[in-house]
Amino acid sequence: MIRVLLVHDSCLMRSALAERLARETDLEVFHVPWRSAGVRARSLRPNVCVADLHCAEPYGLAPLGELTGRTAGAGACPLLVLSTADRPGLLRRAAEAGALGYVDEASPPEQLLTAIRQVAAGRRFVDDSLGFGFLRASQMPLTQRELSVLSLAAGGASIAEIARSLHLSNGTVRNYMAAITRKTGARNRVDAIRISRGEGWV
């Protein structure tokens, strides 16, 4: 039996998808919102975590490291993410967090089932339709930390709020914003957010 932890912030979507997956005789399905994902993953120790990257947590930053064991106190879990090709920044974050599976949100349920079984067996799965998104992600000039800072800024966070969220000093955040502005060829912070949204990085 494959234990699947489904992570999605929309209760309606999460419940419907969990119900569909649970029809498979070889799957045991549990589901939680992102705020409970890390704790539930540590207690359940699932064979696969299926996580929607377009989460609605504060500032839209999915704590992927809490699922893959990349952060202190986290429990390691094979990660399969749901995303789209038009958000290469999210694909890059998932790749850097060590995700094994990548499924396009527009794919049929059979594609997701195939991916779950492959990831549970320790094999990588990448939806063909996400290829262009990965190509764009490889061309993105921002580092992981810069992307995190920019994502928070794009969500309306102030310098102080970004600093608290990422455990940085205000000066360090300003330095990151300056680097982001330079790398994106923007005139200022607002322009950097506009450009990055247009590219699908945040």
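Arg 187 is exposed, with 69% relative accessible area (exposed means over 50%, buried under 20%, partly exposed in between, using a 1.4 Å probe on protein chains only). Its partner in a salt bridge is Asp 191, which is buried at 4%. A salt bridge here means a side-chain nitrogen of Lys or Arg within 4 Å of a carboxyl oxygen of Asp or Glu.

This is a predicted model: local features need pLDDT of at least 70, side-chain atom pairs need 80 or more, and totals for chains, interfaces and linings use all residues. Residues are numbered from 1 along each chain as its sequence is written, and side-chain values use heavy atoms, leaving out hydrogens and water.

The structure holds eight salt bridges, including these:

| Pair | Closest N to O |
|---|---|
| Arg 92 and Glu 96 | 3.2 Å |
| Arg 187 and Asp 191 | 3.6 Å |

Arg 20 is buried at 19% relative accessibility. Together with Glu 24, Asp 26, Glu 110 and Arg 117, Arg 20 belongs to a network of salt bridges. Arg 92 is buried too, at 18%, while Glu 96 is partly exposed at 35%.

Now for the domains. An automatic or database assignment gives domain 1 (2-137) and domain 2 (144-199). Their centres, taken over C-alpha atoms, are 26 Å apart. Seven residues from domain 1 and ten from domain 2 make the contact (heavy atoms within 4.5 Å). How many salt bridges are there between domain 1 and domain 2? The count is zero.
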